[in-house]
Amino acid sequence: MLLVSNEDAPDAVALAGIGKRFPGVVANSDVNLRVRAGTVHAVVGENGAGKSTLMKILYGMQHPDEGTITVNGEAVSFNSPADAIAVGIGMVHQHFMLADNLTVLENVVLGNEPRSGGRLDFRSARRRITEISDNYGLGVDPEALVDELGVGERQRVEILKVLYRGARTLILDEPTAVLVPQEVDELFGNLRELKAEGLTILFISHKLDEVLSVADDITVMRRGTTVASVTPSEVTSRQLAELMVGRALPVPELRESTVTEEVVLDVAGLTVTSADGRTVLDDVTFTIHAGEVLGIAGVEGNGQAELVDALMGIRASTGSIRLGGADGQRDISRLSTRRRREGGIGLIPADRHRQGMLLEATLWENRILGHQTRPPNVRGLLLNRSGARRDTARIVEEYDVRTPGIEVIAASLSGGNQQKLIVGREMSSGPTLLIAAHPTRGVDVGAQAAIWEHIRKARAERLAVLLISADLDELIGMSDRLAVILRGRLVSTLDPKTVTPQDLGAAMTGAGDGTEEGR
Amino acid sequence: MKRFSSRAVILGVAAPVGALLFAGLVCALILLLTDHSPADVVDQMITSAQRPRTFVNSLNSATTYYLAAVAVAIGFRMNLFNIGVDGQYRLAAMLSAAFAGASFMESLPSFLRIALTMIAAMLVGAAWAGLAGLLKVTRGVSEVISTIMLNAVATALVSYLLNPNRLAVQTAGSNNIGTSPITEGGQVEGIAYAGSSSKLFGLVFLAVAVGLVYWFVLARTRFGFELKATGLSESAAVASGVAVKRMVLYSMLLSGAVAGLVGMPQLLGSSHSYALDFPAGVGFTGIAVALLGRNHPVGMALAAVLWGLLDNSSNSLDVAGVPKEIVAIMQGVIVLSVVVAYELVRRYKVRVEQREVGRALGRTESGKTEPATIGEVSA
């Protein structure tokens, strides 16, 4: 099942029979991977398929329990990332590790400072950086302050940093996760230049269209092992996806419109100011009707988190928030978070570990969380433990939470099952408005389909949904209406039936004229 | 799913028992190094602990320690470190002693006098702890710093008030000064124990009651749930509608109120006045007992009894020519090692449970999944 290399040159990297066990986590078993020198090799797989573990092994951050690593034909054993760098393997992390208040030059040399006679030799470092940047067409200015760089530029600085340390094989861990489509194209341009200069790229992703457009070879991982090696010409994106999940795929889509006339959420002039005086949410106005999903598109960090916090009353805001209910609309902007929840708002938070659950509490205790004033969890001021337990068992059953019982702690469930529990909990209190921030982030395809189905069902039952997501397909497929948020403002409204991911991406960065109608 | 709970008990016990064994080992080493026989010391302490008087005194100490531990544990439950239990109970004991000894109380029925004294103590304790709570909620002052400083302020305040010109009187026939003695109607009668000259504090039942209330509030009420949730994850608690600031204030007030009770068994059962020789430092012992008992109502009771036994049997060591400070060393090592042991057990528990769930599901999953359909595509 491995590709036969048609060159005599040894593989840049070859892994054979790699195994790594962690308690309770899908790690790696019998992983085989051959990366031809001077190619872009993509490793694809779902979240939790073992890609990250594999890369950590390759980068010296984890030591494999079994198997061999060969670099340029020679067997190696890594005890630390320094060992990996020494043989020319460098890692570009998904989350940038740059100091904002330093220049590009300073960031690149940080930890590897060039000295000449006890003094820092910035001049030769600057020369080398410019040289690398020109050679590979990275277009990085060594004197620029990192704070002022955009996401795409920061990523190029990260790549430069690794090249500066002499890497010939680059591992890029989900490099496109933080980029909008235009930036992705630029990155791929850079990758092709690197390849042309003879470098080898190992590219981790689960975005298949991207993989198919840039990779020479593709290795698919599932459940901790490599299950297939293919070339882009052999497969379609759908076949690749099915290899990844081992079965047919769910698609995010809404059936017929269920939008009604009744306004559930009416937000006007919502403004949030951060502690340092910046306006992070600026005069945001929108409505959501019963049976409608409003999708909020935007590059992360443009005010989505603040919008959710302001709606939930976690963060102080100005402006009006009116929530409709059985007894008509009322202004909830001065109410506490608890009152807002009791008033019918359900929340699937963006960071479930930080805001959605108590990891070291049992599942039934997590059922109470956020609903600690409502039946079936309480009787007056006392907890109704049996009621909460019974209802947790129901959620586990109805929402297909894979767990041996409800007495286990939440931390022992996989991310997807934790998320299903949260979705089940938030739907169980009969909300009129559901705020769903990245509801399917980090969950497997099966859970993703289930969560979409629950949202669709609730929408049909007149639930109003505010959907925030970084997954453009999810946004387009699951929304009745799309609003784009940019630097804290809602800048345009788009129709998901006609918009393409490219248009949406353009609107999200404020580039191009993706605006169909002004706000 | 119940099978997890029996292991939970074993793991819960493993940490303190391990810490005790380790502390015993360290002390044995120290004794050997200083040319004492560990066996003799153990023998001496066990003999001493069997004397009725030591036993009663130990239980009396444990009563006080337990109340202090509960006061500390209320804060611990939500990651609040009330280091000020010591100052709170001393100020509360002093002011309530002056109040209980005042002449107008004489006319009241005994039950009412005792109840009023205890309420006064709780109010003083709550107020003193509430200061720290208020500072934290309104100004963001760390309760660790403010309660430590309030301890010092309490010490100064007590010595200022404990002056013949103010709340104190000269004790007849001695140089000691204290609040005017509480007359019989305001005292709580002790329980006689055969073979012992000292009596068991009547308020040992107060400690039991406080323990029960503590357990009930934490495990069975909404308030207890919100307290636990805040302790486990403040961000999740906030997003779930828990008013965290209010919880901080409430738990500081409650912690202080229980701290106010700490001095009551001694005051109403034995001293009958707050004098210069009133026991100090119990608040810090409470921290140790809460740590060892892991904030658990029963665990803390066992820890308090152990502490009481160690303290009271240490007196007999001098007789054997062993410095009784060895007990303080032992207590110190116990606390240090138990903190480490609990953290290790906590991590181990999470890992074991993740593995168990992984295994339980791995089996069911592999049964369900169809064989992979790779071949067709790559071929």
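**Strands, domains and chain contacts**

Colleague: Which residue in β10(A) stands opposite A:Ile171?

Modeller: This is a predicted model, in which local features need pLDDT of at least 70 and side-chain atom pairs count only at pLDDT 80 or more, while totals for chains, interfaces and linings use all residues. Residues are numbered from 1 along each chain as its sequence is written, and chains are lettered from A and ligands numbered from 1 in the order of writing. Strands (E, at least two residues) and helices (H or I, at least four) are DSSP runs numbered from the N terminus. In β10(A), the residue opposite A:Ile171 is A:Leu202.

Colleague: How many bridges pair β9 of chain A with β10(A)?

Modeller: Two strands pair if DSSP finds at least two bridges between them. Strand β9 covers residues 169-173 of chain A and pairs with β10(A) in the parallel sense. The number of bridges is five.

Colleague: Which are the edge strands of the open sheet in chain A?

Modeller: The open sheet has six strands in the order β6-β9-β10-β3-β11-β12, with mixed pairing. An edge strand here pairs on one side only, which applies to β6 (89-92) and β12 (225-230) of chain A. Neighbouring strands are turned by 20° against each other on average, direction ignored. The edge strands are thus β6 and β12.

Colleague: What angle does the direction of α5 of chain A make with that of β6(A)?

Modeller: Helix α5 (residues 151-164) of chain A packs on the sheet and touches β6 and β9 of chain A. Axes are lines fitted to C-alpha atoms, for helices over the stretch in contact, and angles run from 0 to 180 degrees between N-to-C directions. The angle is about 165°.

Colleague: Are the residues of β3(A) buried or exposed?

Modeller: A residue is buried if 20 or more other C-beta atoms, placed from the backbone, lie within 10 Å of its own, exposed if 12 or fewer, and partly exposed in between. In a regular strand the side chains alternate between the two faces of the sheet. A:Val40, A:Ala42 and A:Val44 point one way from β3(A), and A:His41, A:Val43 and A:Gly45 the other way. On both sides, these residues are all buried.

Colleague: Which residue in β11(A) is the bridge partner of A:His41?

Modeller: Strand β3(A) runs parallel to β10 (residues 200-205) of chain A, joined by five bridges, and there A:Val40 has A:Ile201 as its partner. Five bridges also join β3(A) to the parallel strand β11 (residues 217-222) of chain A. The partner of A:His41 in β11(A) is A:Asp217.

Colleague: What distance separates the centres of the two domains of chain A?

Modeller: Domain bounds come from an automatic or database assignment, which gives domain 1 (13-245) and domain 2 (263-356 + 432-509) of chain A. The centres are taken over C-alpha atoms, and they are separated by 34 Å.

Colleague: Which helix of chain B gives the most residues to the side that touches chain A?

Modeller: Residues are in contact if their C-beta atoms, placed from the backbone, lie within 7 Å. By this rule, 33 residues of chain B are in contact with 46 residues of chain A. Helices supplying at least two residues each to that side of chain B include α1 (3-33), α8 (222-232) and α14 (325-368). With nine residues, the helix giving the most is α14(B).

Notes
Contact = placed C-beta atoms within 7 Å.
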